[in-house]
Structure formats: C-alpha cells, structure tokens
Amino acid sequence: MRTHKIAAIGGDGVGPEVIEAGVAVIEKLAKSEGFLVEVTRFDWGSDYYRRTGEMMPKDGVEQLKAFDTIYFGAVGDPNIPDHITLWELRLAICQGLDQYANVRPTKLLGGTVGPLRKELGEQIDWVIVRENSEGEYAGVGGRAHSGLPIEVAMDVAIFTRAGVERICRFACETAMARPRKRLTVVTKSNAQRHGMVLWDEVCRDVLKEFPELDVDWKLVDAMAAMMVTKPGNFDTILATNLHADILSDLASALTGSLGNGATGNIDPSAKSPSMFEPIHGSAFDIMGKGIANPIGAFWTGAMMLEHLGEKAAADKLMAAIEAISASGPFTPDMGGQANTKAVTEALLEALG
C-alpha cells in the first residue's frame with residue numbers, strides 16, 4: 001500500500017490547532033482512498049525556543065529530509081523578535097531545502113463573499129507563483145555603528161540569473177497547465193534599475209520557450225490596483241519574493257479572509273521534501289480559543305495530497321471544502337460563530 005511520510009510542525013499560535021484539524025482530515029482520506037500516511041509531529045517553534053534557545057535543533061533541516069512532505073502551521077510570537085522566529089524556522093527550512101517556488105492559489109470558495117462586488121469577486125481564480133529564495137529575503141545586509149547617531153542598516157535584494165530563470169520556467173509550466181494559459185509577470189524595473197532589470201531580461205529569455213502562453217507585464221503598484229478593479233484579467237501571476245508576499249496577502253483578503261489561504265513551498269526538483277502551510281500566520285490574539293479558521297489548512301492539505309500523487313483524494317477534499325464554504329458552518333473571521341472543531345466535523349462529514 002502506498003505510504004507517505006509527513007512531518008507535521010504546528011509551530012506557533014493557532015498553527016498547532018489547524019494542523020491537527022488538517023491531519024484528522026488527511027488520515028480519514030487515506031483510509032477511504034487506499035493509502036497510508038505516517039505523521040511525525042515536531043514541537044519546534046517559539047515554545048521550543050524558550051526552552052532551548054533555538055527555534056529548531058541544529059540538525060532540523062537534515063531531520064526533515066527523511067520525509068515526503070512537511071505540513072507546517074505558523075510561526076511568530078509577540079514576545080520573540082520576528083527576525084528570530086521567521087529566519088530560524090520557516091525560512092531556515094525553505095532555504096535549507098531549496099524550496100524556491102512558493103505557490104498560492106486564490107479563488108472564492110463555495111458561496112464565500114469577499115469584499116469586492118459579486119461580479120468582480122467571482123472573477124478571482126489565480127495562482128500566484130512567488131520566487132522563494134532570493135530578493136529581499138536572501139538575508140544579505142547588515143548594520144554598523146550600532147547605537148550611534150550615524151547608525152546604518154542595509155538589506156540587499158539579490159537576483160541571480162539562475163534564480164530568476166528557474167522560477168520563471170516553473171511559472172510558465174504552471175500557466176501552461178491551466179486552461180487560460182495566461183501569465184502575468186510583475187516587475188518594478190522602472191525604479192529598481194539593476195536587480196529588476198535583470199529579472200525582466202531573464203524572464204523574457206525564458207518566455208521565448210513558451211510561445212503558446214498569453215503573457216502580459218505589470219508594474220507591482222499597478223498590479224495591486226488591478227487585482228481589485230479588474231481581477232478577471234489575471235490567471236497565473238509571477239512575482240519576486242517581496243512583491244508576491246504582499247500581493248498574495250491582498251489576494252487572500254479579497255476572498256473574504258486570510259484564514260482561507262493556502263500555500264506550498266515547492267522544490268520542483270523533488271530532491272527535498274516540499275512544505276505546505278496555510279498563510280494566515282500565528283494569530284496569537286485567538287490562540288487557544290478554538291475559533292481559528294481551518295479552511296486554509298484543509299486547502300493546504302489538498303495541495304499536499306496532490307503533490308504526493310494522491311489527486312483523487314485531493315479532488316475529494318477540495319469538493320468537500322467547496323461544500324462547507326457554501327453552506328457553513330463559519331468561523332468568526334467569516335462572519336459566523338462556529339469553532340474550529342465544528343468546521344472540522346462538518347468537513348469530515350462532507351467527505352462521507
């Protein structure tokens with residue numbers, strides 16, 4: 001029987017709550033669809049940091065290489081600086097396993113109502129491809145003259161030909177697999193005249209290999225506006241690490257709640273396990289209240305199942321997600337009063 005080894009890292013805040021809900025769903029699907037999942041839980045995160053002084057063990061990335069995928073909850077703690085929590089756990093995993101492609105699907109689920117007018121909201125059906133290893137998140141920079149009036153801090157955005165080429169090719173292949181075969185390349189080369197000009201040049205070279213694609217280009221500021229005013233113009237969207245980080249949160253907000261958002265941090269070479277996570281963050285203000293929206297974790301689980309080759313299970317899960325998104329129950333972020341458990345039970349029932 002097919003067996004998939006999953007590393008579950010709940011992380012911080014509501015992360016453990018939604019990941020446990022997702023694990024319950026995946027385990028039920030495994031039984032009904034004829035495969036096995038072996039879930040190993042890791043208690044890494046901010047509580048682990050308070051106990052040990054580190055967000056995960058020094059060999060944490062090496063430990064994860066033994067798994068097929070990683071199911072990740074959230075990272076962030078109001079009492080620990082973000083540059084510690086993010087860089088020493090989530091980014092350490094993404095960069096250590098070269099998960100250079102971040103994929104974020106976005107659409108209105110079921111009968112969900114977002115902040116846009118109905119006729120605009122219904123046009124949203126995007127996949128945002130985010131470069132996940134370079135740009136402003138490469139970690140290059142530093143500080144000098146600390147504490148003095150002349151103190152300076154610098155972050156350097158890194159763009160390499162190889163890095164841009166591989167993410168552009170991945171985005172092209174993603175767009176070609178979708179019905180519209182439409183790709184929008186986001187840039188800011190009118191102002192960032194070195195790294196972003198290289199981005200444009202390399203993308204144009206790669207695009208020559210995909211003449212069937214319908215391609216357009218947008219400056220990131222115009223893109224943000226048009227995602228609100230003309231959402232139907234877009235399908236697959238390629239952007240840099242920083243730009244896509246911002247645009248993808250806007251995208252999720254346009255679908256009604258950040259709690260609905262899903263993402264995959266992918267190593268397309270399959271040399272290392274990929275990591276799947278809901279995008280809502282740790283949400284410490286509702287931690288322990290049992291009201292976190294698990295839809296993002298469920299959708300993330302569907303992405304993970306498809307990545308593992310279990311497309312039938314993934315499709316079944318997405319159909320169940322669409323069903324309960326149309327009929328409820330809904331958590332408070334979606335205007336309802338249901339808790340995480342009630343939504344999870346409804347999802348399990350919808351699976352049959």
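**Entry 1: two single residues**

I began with tryptophan 87, which counts as partly exposed because its relative accessibility is 32%; by the cut-offs I used, buried means under 20% relative accessible area, exposed over 50%, and partly exposed in between, with a 1.4 Å probe and protein chains only. I note for all entries that this is a predicted model, in which local features need pLDDT of at least 70 and side-chain atom pairs count only at pLDDT 80 or more, while totals for chains, interfaces and linings use all residues. Residues are numbered from 1 along each chain as its sequence is written, and side-chain values use heavy atoms, with hydrogens and water left out.

I placed tryptophan 87 in helix α4, residues 82–96; here helices (H or I, at least four residues) and strands (E, at least two) are DSSP runs, numbered from the N terminus. Leaving out residues up to four places away in sequence, I found tryptophan 87 touching Asp82, Ala92, Gln95, Tyr137, Ala138 and Gly139, where contact means heavy atoms within 4.5 Å.

I then turned to threonine 340, which lies in helix α12, residues 340–351, and is buried, with a relative accessible area of 7%. Apart from neighbours within four places in sequence, threonine 340 is in contact with Gly290, Ile291, Ala292, Pro294 and Thr331.

**Entry 2: the chain as a whole**

I listed 12 helices and 12 strands in the protein chain. The radius of gyration is 20 Å, close to the 20 Å that the globule rule gives for 352 residues, so the chain is as compact as a globular protein of that length; the radius is taken over C-alpha atoms, and the rule is 2.2 Å times the number of residues to the power 0.38. The C-alpha trace spans about 55 × 50 × 40 Å along its principal axes, and 53% of the 352 residues count as buried. Of the contacts between residues at least 6 apart in sequence, 75% join residues at least 24 apart.

**Entry 3: the nonpolar cores**

I took a nonpolar core to be a set of buried Ala, Val, Leu, Ile, Met, Phe, Trp, Tyr and Cys residues joined through side-chain atoms within 4.5 Å. The largest has 66 residues, and those with the most contacts inside it are Leu183, Trp199, Leu238, Ile321 and Leu347. A second, separate core of 20 residues includes Met55, Leu89, Cys94 and Met275. Going back to isoleucine 321, I found that it touches Leu109, Ile295, Phe298, Trp299 and Leu347, with residues up to four places away in sequence not counted.

**Entry 4: pockets**

Grid points are joined across faces, edges and corners, and a volume is the space filled by probe spheres set on the points.

The largest pocket has a volume of about 780 Å³, and of the 24 residues that line it, Pro105, Val127, Arg178, Met303 and Glu306 are the closest to its centre. Helix α10 gives the most to this lining, with 5 residues. I sorted the lining into 13 nonpolar, 3 polar and 8 charged residues, counting Ala, Val, Leu, Ile, Met, Phe, Trp, Tyr, Cys and Pro as nonpolar, Asp, Glu, Lys and Arg as charged, and the others, Gly among them, as polar.

The second largest pocket has a volume of about 440 Å³, and its largest share of lining, 5 residues, comes from α4.

**Entry 5: cavities**

I counted 2 cavities of 30 Å³ or more. The largest holds about 80 Å³ of space, and its lining has 6 nonpolar, 5 polar and no charged residues, among them Thr112, Asn260, Ile295 and Thr331.

Conventions. 1 Å grid on protein atoms, 1.4 Å probe; cavity = no way out; pocket = protein on both sides within 12 Å on 5 of 7 lines; lining within 4 Å.
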